Structure formats: structure tokens, C-alpha cells
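Here are a few exercises to work through with the model open beside you. Try each one before reading its solution.

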Amino acid sequence: MADSQLSAPPRVHHAPVHPFANPGYGKRSAPDQLPRTAHDFAGLPPREAAIAAYIDRLPDGADISVKTLAKHLPYGQCALRTALNNLRRAGHLRRGREHIVGSGSARWVTRTWFSRTPRTDDWWARFATGDVTDQDGTPRQPPTRSRAFMLLAALGRENDALSLSAADCAELGPLADRWFESGATERDLLQALTAGLPAPVHSPAALVRSRLTTKLPPERPTHRPALRVLECGKCGAPGRPEALRGGECGPCRGETAPARPPAHLPPAQVHARAAGLRAALPRARG
């Protein structure tokens with residue numbers, strides 16, 4: 001009787017996997033970031049720091065729109081929109097478009113770049129022109145974990161059967177790097193490694209090694225660096241990077257445009273130029 005009155009064991013609710021955005025959208029990691037530490041985002045307010053830490057751990061291509069973040073974080077859309085604007089002003093985030101050229105086609109894609117390391121407006125301006133060399137004399141420090149290592153380490157979250165050890169990730173990392181060198185994205189690689197898995201998976205490392213080797217896509221033709229245009233984070237208008245201080249254009253910061261001289265010429269100058277053009281016509285025809 002006592003056994004029948006025992007409550008059922010609580011169900012374990014797993015957090016939904018954060019989705020990827022449509023191709024051409026989603027998070028893009030800025031280059032040359034410092035290694036991840038426990039003190040990242042310490043200078044931000046608690047809400048902004050929590051949101052930044054969550055975005056920082058998402059892979060490239062993850063959907064970081066306000067609607068999607070609201071489904072995975074304990075904040076409403078208005079609060080998230082405000083927090084993302086604050087992250088932009090703090091130098092962690094910029095939005096814009098990138099001109100991709102390759103394989104005989106060219107197109108503009110929407111980008112949202114995220115940097116764990118806060119960047120100045122000057123750095124973002126250099127990034128937009130393809131020059132991200134630090135000019136303050138600070139030596140760059142390579143990340144403690146490569147892009148390939150982080151993706152392989154995350155496979156276990158995608159599918160428990162593909163859980164790899166740190167040694168496996170380090171050994172298989174160079175094979176995954178070849179995919180990135182050929183132009184593949186994180187989404188391409190995850191799809192190739194996780195689709196159609198056998199049941200059971202006897203050796204995750206052997207299976208991943210086989211797929212990394214046999215499914216390697218052909219190298220895409222090299223192309224010139226992408227052109228980038230940064231946009232105002234408030235009104236979305238494109239602008240010169242150096243004019244987007246804090247990621248906002250001058251009008252959105254409350255600045256008035258400088259007065260411009262009148263575009264029209266005085267009547268006397270108009271008549272003089274017209275007369276000069278008429279005088280030159282016969283000589284041009286001859």
C-alpha cells in the first residue's frame with residue numbers, strides 16, 4: 001500500500017539544442033580573439049554578461065536572433081534587444097553585410113559578428129576593410145582550443161553516441177581543419193558527421209575519422225577576401241565604419257549632419273558653362 005503511494009520519479013527535461021540560422025545568417029566569430037577565461041565579460045552588467053557568455057559558446061552559424069534567444073534564455077525579447085544593443089556599444093557585436101565571391105557567383109549575405117574580446121570602433125573599422133592587425137603593439141595570443149577541436153568536442157551534445165575524449169579531438173582536429181580549409185562550414189561538418197549514424201556506434205573516434213576522410217568535399221576555388229559593410233545597429237542603415245561609433249550612425253546618436261553648400265550654381269556660371277559647351281561642339285564633331 002505504501003509502495004502504491006510513492007510518487008513517480010521526476011522527469012528529466014533536457015534543454016533544447018540551440019538551432020542554426022538559415023544559410024547566410026547567424027553568429028560569425030570575429031578573428032583574433034583572446035583565449036576564453038573565467039573573467040570574460042566581467043565588466044558588463046550581469047544580464048549582458050550572461051547573454052554574452054551564452055552567445056560566446058554557440059558555434060558559428062547559430063541563430064542569435066532575439067526571438068530564438070528568448071526561447072533559450074530567461075529573458076524577454078525587449079530585454080534581449082536592449083542587451084544586444086548594449087553588447088554592440090561595448091564592442092562585442094556588430095551587424096552588417098558581406099560580399100561573398102567564389103565559384104563564378106557573387107552575393108551579399110547578412111552577418112552578425114561576435115567577439116568575446118571587446119573591440120574598439122577603430123578595430124571594427126579595420127575589420128570591415130580586411131585589416132585586423134592590432135596596432136597597439138599587443139602581441140596576439142592563439143586560442144587554447146582550435147575551431148576544429150571545439151566542434152569535435154561538441155559532437156557529444158549533438159548525439160551521445162559521438163562523445164569524444166580530449167585526446168580524440170586533438171588527434172582528429174587536423175582532419176576537421178581540412179574541411180574548413182576547403183571552404184566547408186560548421187554546419188556542413190556537423191551534418192556529415194551526425195547524419196545516418198549506425199546503431200550502435202561501437203567506436204565514435206573511428207567513425208568520425210572515417211567520415212572526415214571519406215566525405216571530405218573538394219576544395220573550393222580560392223577567392224579574394226570578402227567585402228564587408230557595417231550597418232547601424234539601431235536603424236540598419238549602412239555607413240562608413242569609422243562613422244559608426246558604438247555601432248550607431250551619427251543621426252541615431254543625435255548628431256546633426258553638417259551643412260552642405262548649395263548644389264546649384266549661380267545663373268551667370270550656368271550660362272557661361274553652357275556657352276562653353278556649345279562652342280566646343282563643332283570642334284568635337286569635326
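Which residues in α7 and α8 meet each other?

Before the solution, some ground rules. This is a predicted model, in which local features need pLDDT of at least 70, side-chain atom pairs count only at pLDDT 80 or more, and totals for chains, interfaces and linings use all residues. Numbering runs from 1 along each chain as its sequence is written, and side-chain values use heavy atoms, with hydrogens and water left out.

**Exercise 1: α7 and α8**

Step one, find the elements: helices (H or I, at least four residues) and strands (E, at least two) are DSSP runs, numbered from the N terminus. Helix α8 spans residues 186-194, and α7 covers residues 166-181.

Step two, pick out the contact, meaning heavy atoms within 4.5 Å. From α7 you get A176, W179 and F180, which meet E186, D188, L189 and A192 of α8. Sorted by class, that's 5 nonpolar, no polar and 2 charged residues. Here Ala, Val, Leu, Ile, Met, Phe, Trp, Tyr, Cys and Pro count as nonpolar, Asp, Glu, Lys and Arg as charged, and the others, Gly among them, as polar.

Step three, the geometry. The two axes come within 10 Å and cross at roughly 130°. Axes are lines fitted to C-alpha atoms, for helices over the stretch in contact, and angles run from 0 to 180 degrees between N-to-C directions. Under 35 degrees counts as roughly parallel, over 145 as roughly antiparallel, 65 to 115 as roughly perpendicular and the rest as oblique, so α7 is oblique to α8.

**Exercise 2: bring in α9**

Start with α7. Helix α9 (residues 204-214) packs on α7 at an angle of about 15°, with the axes 9 Å apart. That makes the pair roughly parallel. On the α7 side, the contact includes D168, E171 and L172; on the α9 side, it includes A205, V208 and R209.

Now α8. Its axis and that of α9 come within 9 Å and cross at roughly 125°, so α8 and α9 are oblique to each other. L189, A192, L193 and T194 of α8 touch L207, V208, R211 and L212 of α9. The class count is 6 nonpolar, 1 polar and 1 charged.

**Exercise 3: a pocket**

Which residues lie nearest the centre of the second largest pocket?

Y25, I64, S65, R95 and T112 do, out of 13 lining residues. By class, the lining has 4 nonpolar, 5 polar and 4 charged residues. (On a 1 Å grid over the protein atoms alone, a pocket is an open set of points where a 1.4 Å probe fits, with protein on both sides within 12 Å along at least five of seven lines; lining residues have an atom within 4 Å of a point.) The largest share of the lining, 3 residues, comes from β3.
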